[in-house]
Amino acid sequence: MISAIVSVDTNFVIGVNGHLPWHCKEDLMYFKKLTTGKVVIMGRNTYESLPKGALPERSNYVVTSKPIDDPNIKCFDSLQKAIEAAESDKIYKWIPKAKREIFIIGGQRLYEEALDRYLIDKLYISYIDTTVDTSECAYYSTFPIESVLKNKNIIVSTASFCPLAKANEAIDNSDLIALLKAVTKVANKQKNTDKNLLAGFVVIMGLIGVIAIIAIPFFMFKPHISNTTPHHHLEVKRL
Ligand SMILES: NC(=O)c1ccc[n+]([C@@H]2O[C@H](COP(=O)([O-])OP(=O)(O)OC[C@H]3O[C@@H](n4cnc5c(N)ncnc54)[C@H](OP(=O)(O)O)[C@@H]3O)[C@@H](O)[C@H]2O)c1
């Protein structure tokens, strides 16, 4: 079985400036528990983002067009070749057939390719309850959520610290769509709140401007009007 594992924020951001945007101990432990003793396949950028290099107690496969000099990893110039090699890896064959699992662990480019080619049987998605500010960063990576919706037979398992689902619960595809819609809704709600705040501010500033335009001439000409009235009144009386 081929699985993908990812953690996302409210906007499906997965990385900023080539690194994980958060430090979530629970998520790291969850990742370790699932992937230990398995083959993990990653893109070159994800490999370069690992703070201590190759992940221990796992077979590390890296997809890259440029071979990397690291005895703890195996390099492949395509995802397909990496998957074929993983299926022959002794670490994979050693496990009973029903429990065999190869993990695609990112990043964006690898998830995109695997989902577009319908290679993923199971998706482990950790929803990190945060919104990463990407406005200042040089570049960032996202999870291709739309492509998941095209994969009708994918099984989704969510992490226990995901506020939208129960612990490690495998759910069918209809629940997946509901979950993804719910996550998207959370993201959109946040965006709409920001937009509404801005719109409210613009309306209030506009109203203050209109009131100022009306009020300024009134205050400027008011003394002049009060001076002429008694004078005019006296003249009428004399006639
Ligand atoms: N939140 C999470 O769960 C999570 C998980 C993983 C990564 N991340 C984050 O995601 C970011 C990295 O993602 P990314 O999209 O920039 O990069 P990536 O997918 O990790 O790596 C892209 C690189 O992998 C190689 N590659 C990918 N597909 C290939 C193919 N089919 N054939 C040949 N080479 C291929 C290419 O390297 P060459 O240029 O060497 O050919 C490409 O430039 C980092 O910020 C990381 O922290 C987050």
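The buried residues of H1 pack against E1 and strand E7 (122-127). Here a residue is buried if 20 or more other C-beta atoms lie within 10 Å of its own, exposed if 12 or fewer, and partly exposed in between, with C-beta atoms placed from the backbone. Helices (H or I, at least four residues) and strands (E, at least two) are DSSP runs, numbered from the N terminus.

The model is predicted: local features need pLDDT of at least 70, side-chain atom pairs count only at pLDDT 80 or more, and totals for chains, interfaces and linings use all residues. Numbering starts from 1 along each chain as its sequence is written. The mean pLDDT (the predictor's confidence in each residue, from 0 to 100) is 82, and 77% of residues reach 70 or more.

Helix H1 spans residues 25-35, with Asp27, Tyr30 and Phe31 buried. Viewed down the axis of H1, its buried residues fall within an arc of 100 degrees, so they line one face of the helix. The arc is taken over the directions from the helix axis to the C-beta atoms. The face turned away from the buried side of H1 carries the exposed residues Lys25, Glu26, Met29 and Lys33. Just after H1, Gly37 adopts a positive phi of about 80 degrees.

The ligand is surrounded by 28 residues (C-beta atom, placed from the backbone, within 6 Å); the closest are Gly15, Gly43, Gly106, Gly107 and Gln108. Two or more shell residues come from each of strand E1 (2-8), strand E2 (13-16), strand E3 (39-43), helix H2 (44-49) and H5.

Gln108 lies in helix H5 (residues 108-116). Gln108 counts as buried because it has 20 C-beta neighbours inside 10 Å. Not counting residues up to four places away in sequence, Gln108 touches Ile14, Ser141, Thr142 and Phe143. Gln108 and Gly43 are 65 residues apart in sequence, yet 8.5 Å apart in space, C-alpha to C-alpha.

Ile104 touches Ile2, Ala4, Ile41, Leu110, Tyr111, Ala114 and Ile120, not counting residues up to four places away in sequence.

Definitions and conventions:
Contact = placed C-beta atoms within 7 Å.
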